[in-house]
Amino acid sequence: MSRRPRLPSLPVAQALSMPLRDALRGLAGVADLTEELLEPLRRAVPAPVLDALRALEGRGARLLEAGISEADIGAAAAFLAGPSARRSDAFACARVLAFAWDHLRRREEPSLLLSEVLTAARLGTIADRTAGPPMRAAQLVLALRDAHVAGRIPGLPVTLDEEEKAAIELRLCGLAVWLLAERGTSLAEEVRLLDLADALVAAESARLRAAMGDPAALAQALREISDHL
């Protein structure tokens, strides 16, 4: 009998807060979703909870924030670099990636969402800690892409067009480039570095898209782009 893969266990408070933040991330675009796309959400979320989440729309921005710190970003970078095998660093990395994704997606319409829950689960399965940071970064990008942690409704079989798939791949590359870079001296500087990483990735989009089928080429491209930060 085959056994279903288990998600990594989370501390109780974290296990409760992460799904709520994922739900809140979807509120901004919920009015634009068709009835067909909303149906899986109705099946997964009890009606009273869904009604309560709708009521928070426009007033729940503070709840959306992951509350990251410079130490969290450092832990996420350490996880990406490979030496850290602590489960808490995988959770910190997911929280940081979700914060960064939310920051960058606010300029977009329609928004593509990243699930902190799915990201944490997938990061916990990346076991190769012998590779250098650039290869680990490439592995992270490809693993998160293949796990469909981002999309109009992450984790659900909602078809994305080629432009959306490309946008997700490049955004994941931007996050990886950011974490590969030398750390900033303040949270404000980290946010500026994140914006710059996203811009650099956009400028190198053709090269990065061409490297998506070759982890070694992707790792080299991510390293060279991060060297500019």
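The model is predicted, with local features requiring pLDDT of at least 70 and side-chain atom pairs pLDDT 80 or more, while totals for chains, interfaces and linings use all residues. Residues are numbered from 1 along each chain as its sequence is written, and side-chain values use heavy atoms, with hydrogens and water left out.

The protein contains 12 helices and 2 strands. Both kinds of element are DSSP runs numbered from the N terminus (helices: H or I, at least four residues; strands: E, at least two). Their order from the N terminus is α-α-α-α-α-α-β-α-α-β-α-α-α-α. The chain has 229 residues, of which 44% are buried. Buried denotes under 20% relative accessible area, exposed over 50%, and partly exposed the range in between (1.4 Å probe, protein chains only).

Two helix pairs were examined. Axes are lines fitted to C-alpha atoms, for helices over the stretch in contact, and angles between N-to-C directions run from 0 to 180 degrees. Helix H6 (residues 87-105) and helix H9 (residues 162-180) cross at roughly 120°, and their axes come within 11 Å. H6 is therefore oblique to H9. The angle classes are roughly parallel (under 35 degrees), roughly antiparallel (over 145), roughly perpendicular (65 to 115) and oblique (the rest). The H6 and H9 crossing is right-handed. A crossing has this hand if the near helix is turned clockwise from the far one by less than a right angle, and is left-handed if anticlockwise. On the H6 side, the contact involves Cys93, Val96, Leu97, Ala100, Trp101, Leu104 and Arg105. Their partners in H9 are Ile168, Arg171, Leu172, Leu175, Trp178 and Leu179. By class, 11 of these residues are nonpolar, none polar and 2 charged. Nonpolar covers Ala, Val, Leu, Ile, Met, Phe, Trp, Tyr, Cys and Pro; charged covers Asp, Glu, Lys and Arg; the others, Gly among them, are polar.

Helix H8 (residues 133-146) packs against helix H12 (residues 215-226) at about 115°, with axes 8 Å apart. H8 is therefore roughly perpendicular to H12. This crossing of H8 and H12 is also right-handed. Pro134, Met135, Ala137, Ala138, Val141 and Leu142 of H8 meet Pro215, Ala216, Leu218, Ala219, Leu222 and Arg223 of H12. The contact comprises 11 nonpolar, no polar and 1 charged residues.

Cys93 lies in H6. It counts as buried because its relative accessibility is 0%. Beyond four places in sequence, Cys93 touches Ala76, Phe79, Leu123, Leu140 and Leu179. Its C-alpha is 7.5 Å from that of Ala77, 16 residues apart in sequence.

Helix H7 (residues 116-123) buries Glu116, Thr119, Ala120, Ala121 and Leu123. At the H7 start, a side-chain oxygen of Ser115 comes within 3.3 Å of the backbone nitrogen of Val117.

Glu164 is in helix H9. At 14% relative accessibility, Glu164 is buried. Leu112, Arg152 and Thr159 touch Glu164, with residues up to four places away in sequence not counted.

His148 sits in the loop between H8 and strand E2 (150-151). At 53% relative accessibility, His148 is exposed. Its phi is near 55°, a positive value in a non-glycine residue. Most residues other than glycine have a negative phi.

Key. Polar contact = N/O pair within 3.5 Å; in protein donor to acceptor, adjacent residues only side chain to side chain. Contact = heavy atoms within 4.5 Å.
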